[in-house]
Amino acid sequence: MASRILSTLHNVSSSSSSFVSTTKRCLGLCCLWHRSLSGTGASVAADIEPSKPPVQIEHNQLLIDGMFVDAASATFVLSGKTFPTNDPRTGDTIAKVAEADVEDVNRAVRAARKAFDEGPWPKMTAYERSRIILRCADILEKHNDEVAAIETWDSGKPYEQAANVEIPMVVRLFRYYAGWADKIHGLTVPADGSYHVQTLHEPIGVAGQIVPWNFPLLIFSWKVAPALACGNTVVMKTAEQTPLSAIYVSKLFLEAGLPPGVLNVISGFGPTAGAALCTHMDVDKLAFTGSSETGRRVLELSARSNLKPVTLELGGKSPFIVCKDADIDAAVEAAHSALFFNQGQCCCAGSRTFVHESIYDEFVEKAKARATKRVVGDPFKSGVEQGPQIDFAQFEKILKYIRSGIESGATLESGGQRVGSKGYYIEPTVFSNVQDDMLIAKDEIFGPVQSILKFKDLEEVIRRANATHYGLAAGVYTRNIDTANTLMRALRVGTVWINCYDVFDAAIPFGGYKMSGQGKVRGIYSLRSYLQVKASVTALKNPAWL
């Protein structure tokens, strides 16, 4: 997902269970959660004091071949190289984590290769793989609250969001792919002549995976679950900003019976660990989520090594189109959550809000009122909708874009300032009178900045919505089915949400057009990325039938 590049291969040159019901909480990422908090009348906190997280950090090493180990730079006297992972609420260090380098990537890939070539994972029955993946989901569910607390501490996202929406979605996704494990099969193909032809769907081998910092564990599941279901082994590189939850969960998966070497988790930086993974000759497939710029670099590194296939889920500048016949109040709330969810740090954020000119002024006033009610505060506290941005660099980048919006002539309706004196909190910000050529309308800001643009008719808004290098997602609010169908087909994006937004189900494929990526995650489509198709042709002698 985008500027969040947890892997920053950039510059590589060379328990509140009653919060939402168990059923609903797995269906939509932001919609259900925001509805439960909206309209509280609360305001942005003036000063934010961090509370003590309800969890201890016990694991900070690399997971290689079923063991937690220091980085290879360790000696008999000194532990291996480490780097700090910081609390976005304060900037203070949470823990020092093992920093993987080229040799650590080599160790992890060797372990994954051995587990694939010699280990039991690809050779066991698909049903047995399914049972192990189900046990992984079960043990993760039992540790829901601890995992959510780690995710909140490391990333700054609201605890209620992590505990009641994201971690249950991770559990649901692993169960979904556990169900697929014993339903992967080829075909019998009729051919001209006396031949028996069949196709085999085989695991691709060692999958190298790189995940971002904005949804560390959720996107971890999008990559790991289908890879395991197909019988592959994995080397996962976490984001340097948010390594802790994946380390903890990998420990749980070992307890669930995942064989050593099947899942290897390394933490480190893009130019070293990330680049080494992308160029490794014994990695058979890459899956990357991050910025479009870094995605291009991942493709280059793959091409320069062994031409391994690459799945990319990249950035976006998604249009959210509010038609003249829309339910304005519903559209205001949906547009608000489409942009501000997860502190605005979403690749598919509805970051260009197009509103029909006949309802524009009313929409702007209501959007401004909703933003001023948004609760910004310590993400561990109940009722908080927005925590801090991930780190100082992202914090500064967002404030720079806000200044750019003001300087370019957009109207600042609300927000625009830092919240409090410590941590990386920013006020929910709304701009009106935004023009297409402004940076805030063109660039992926990846923060809590809503840009509201005006349009006259469908032909115009279709042209403007498509006038971008991105093509990840779009939202449409209308009561007219013909309008909905017109926009659904005309918008050049991978997902169109109609009268809803951010509905993420395990079975719904997700991925972009244009520079927003290639390939799909989730659903049946993701399985295809982790399988090879082999044709087997056998000559028949005196066949009874063809």
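User: Hi! Which residues lie nearest the centre of the second largest cavity?
Analyst: Among its 10 lining residues, those nearest the centre are M169, L173, F504, D505 and A506. A cavity here is a set of points, on a 1 Å grid over the protein atoms alone, where a 1.4 Å probe fits but cannot get out, and lining residues have an atom within 4 Å of a point. One caution: this is a predicted model, where local features need pLDDT of at least 70 and side-chain atom pairs count only at pLDDT 80 or more, while totals for chains, interfaces and linings use all residues. Residues are numbered from 1 along each chain as its sequence is written, and side-chain values use heavy atoms, with hydrogens and water left out.

User: Thanks! Which helices supply at least two residues of that lining?
Analyst: Those are α5 (159–180) and α6 (216–229). The largest share, 3 residues, comes from α5. Helices are DSSP runs of H or I with at least four residues, strands are E runs of at least two, and both are numbered from the N terminus.

User: Switching to strands: in what order do the 3 strands of the open sheet come?
Analyst: The order is β5-β6-β20, with antiparallel pairing. Two strands pair if DSSP finds at least two bridges between them.

User: And why is one side of β5 left without a neighbour?
Analyst: β5 (188–189) and β20 (531–539) are at the edges with a single partner strand each, so one side of each has no neighbour in the sheet. For β5, 2 bridges make the link to β6 (residues 195–203), and V189 is opposite V197 in β6.

User: Last topic, cysteines. How many disulfides does the structure hold?
Analyst: It holds 0 disulfides, a disulfide being a pair of cysteine sulfur atoms within 2.5 Å. For C136, the nearest cysteine sulfur is that of C230, 15 Å away. For C278, the nearest is that of C347, at 18 Å.

User: Is C136 buried or exposed?
Analyst: C136 is buried, at 1% relative accessibility. C278 is buried too, with 0% relative accessible area. Buried means under 20% relative accessible area, exposed over 50% and partly exposed in between, using a 1.4 Å probe and protein chains only.

Terms used
1 Å grid on protein atoms, 1.4 Å probe; cavity = no way out; pocket = protein on both sides within 12 Å on 5 of 7 lines; lining within 4 Å.
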